Amino acid sequence: MMQKKTVAFSKESANLFFHLLTRCNLSCSHCYINPDQHGKNTLPIDTIQRWLVLFAKKASQTNLIFLGGEPTLHRDLPAAVKEAKRLGFHSITIDTNGFLFHDILKKITPAEVDVISFSLDGATSATNDAIRGKGSYDAVISGIHRARKKGFACSMIYTVSDKNLHELSQMPELVSSLDIDRFFIQVIGMRGKSAGAGKKTQVSKDLWLSVIPEVARTIAQTGVIVTYPKVFLDPEETFACAGIVADNYFVFPNGRVYRCPLCEDYPLHAYTIENDALVPSPPVNETHLFELTIPEGCVMNKIIQPDNLDYLADGEPAHRIACCMLKQEIHPQP
Ligand code: SF4
Ligand code: SF4
C-alpha cells in the first residue's frame, strides 16, 4: 500500500534556500548558478549569521536548506549550522555534491542537521559523471555511506533530463542499497548553463508522464518517501503560483533574494539584502509577474522555457504547466 498526495502550498510554513557561496569543485552541465546574476563571493560567517536572523521571525515554521555552489567548501558551514540551530529553524538540510569537504561530518552532528541531501544524476558512474564530472558518482556513494555510519539522515536528488531519463528505472535497486529516507526527482530547468547551452534537454510530456510516476511508485515500494514535481496540471486542477500563495526565499551571496527559482537568471528578484535589511526591489520585479493570469498556467515557464507548451488547433494550450514548486509525494505505508 502507498499513499500519493499533492503537497499543497501553505503560508503556514516557509522554505529558505540559502546559497552561502557560488564556488564549486564541479562544473555540472546543468548547473543553475549564474555568476553574472549571483556573483562570485563567499559570505563571511558574521554576514551569514546576521542574514539568518533576518529570516528567523518564523524560524520554527521555516525549513532551511544550505546550498551553494558546494556549501561544504565553506569552512564556516558548521558555524552556520550551529547558529541556525540556535535560532530554532524547523529543519536544517545541507545539499551537497557528495565531496563533503573540510571534514564536515566530524564538525556537525545528526542532532544539528536534519538531512544531508546528495545530488546524483545517473544510476551508473558513466552517465552521472558525464553530467556532473569525473569522480562525482563515487563521491556521492561513499558520502552517503559515511554519513549514514555517523547516523545522519540522508536523501538524494535526481535531476531528470534527456541525458539520464533512461537510467531512472535502475534507481530503485541503488536506492534500496543506500539506506536513505527520501528520494527527490527534479525536472531540469532552462536556466544557468542549461539556458546557455541553447539546446532543449527537458523530456517531453509523454515521456515524463510515462516514466516518472511509475518509477516513483517503484522506489517508494522500497520504503523511501518519493517527491517529484507535478509539472503538468490535470484538467480539473486549479493553478496556483507559489510566489503568491507560499513563502519561499532563495538567497544568494550577492544579496539578491528571489521568490521564484525560475526567475534566477534575471535581475527580477523581489528583494535585495542591504545593510542587513530586506529591501523590496523597485518595479518591475518577479512579484508583478506572479500576478499575471495566462491560460498556460505558470507565466515564468512561458517566458523562459516555452518549448514544453503545446497548443490545440484553436490556439488554446493543450495543457497547463504547474508551478515548479508543486510536488507529488508518495509515502510507503508501514
Ligand atoms: S554541484 Fe551544484 S553548484 Fe556545483 S556545479 Fe554541480 S549543480 Fe552547480
Ligand atoms: S514557477 Fe511559475 S507559478 Fe511557480 S512561483 Fe515561479 S512564476 Fe509562480
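Predicted model: local features only at pLDDT ≥ 70, side-chain atom pairs only at ≥ 80, totals over all residues.
**View 1. Helices α5 and α6 pack against each other.**
Two packed helices are described by the angle between their axes and the distance between the axes. Here, α5 covers residues 125-132 and α6 covers residues 136-149. Their axes sit 8 Å apart, at an angle of about 110 degrees. Angles of 65 to 115 degrees count as roughly perpendicular, so that's what we call α5 relative to α6. Who does the touching? On the α5 side, look for Ser125, Asn128, Asp129 and Arg132; on the α6 side, it's Ser136, Tyr137 and Asp138. Sort these contact residues by class and you get one nonpolar, three polar and three charged.

**View 2. The residues around ligand 1.**
Start with the cysteines in this shell, Cys24, Cys28 and Cys31. Leu26, Ser27 and Ile33 are here as well, along with Gly68, Gly69, Glu70 and Asn97. By class, the shell around ligand 1 splits into five nonpolar, four polar and two charged residues.

**View 3. The residues around ligand 2.**
This ligand has 13 residues around it, and the closest are Cys241, Cys260, Cys298, Met300 and Cys323. Which helix gives the largest share of the shell around ligand 2? That's α12, with three residues. As for class, 11 residues of this shell are nonpolar and two are polar, with no charged ones.

Notes:
Residues numbered from 1 in each chain as written. Chains lettered and ligands numbered in written order. Axes fitted to C-alpha atoms, helices over the stretch in contact; angles between N-to-C directions. Helix = DSSP H or I, 4+ residues; strand = E, 2+ residues; numbered from the N terminus. Parallel < 35°, antiparallel > 145°, perpendicular 65-115°, else oblique. Contact = placed C-beta atoms within 7 Å. Nonpolar A, V, L, I, M, F, W, Y, C, P; charged D, E, K, R; others polar. Near = placed C-beta within 6 Å.
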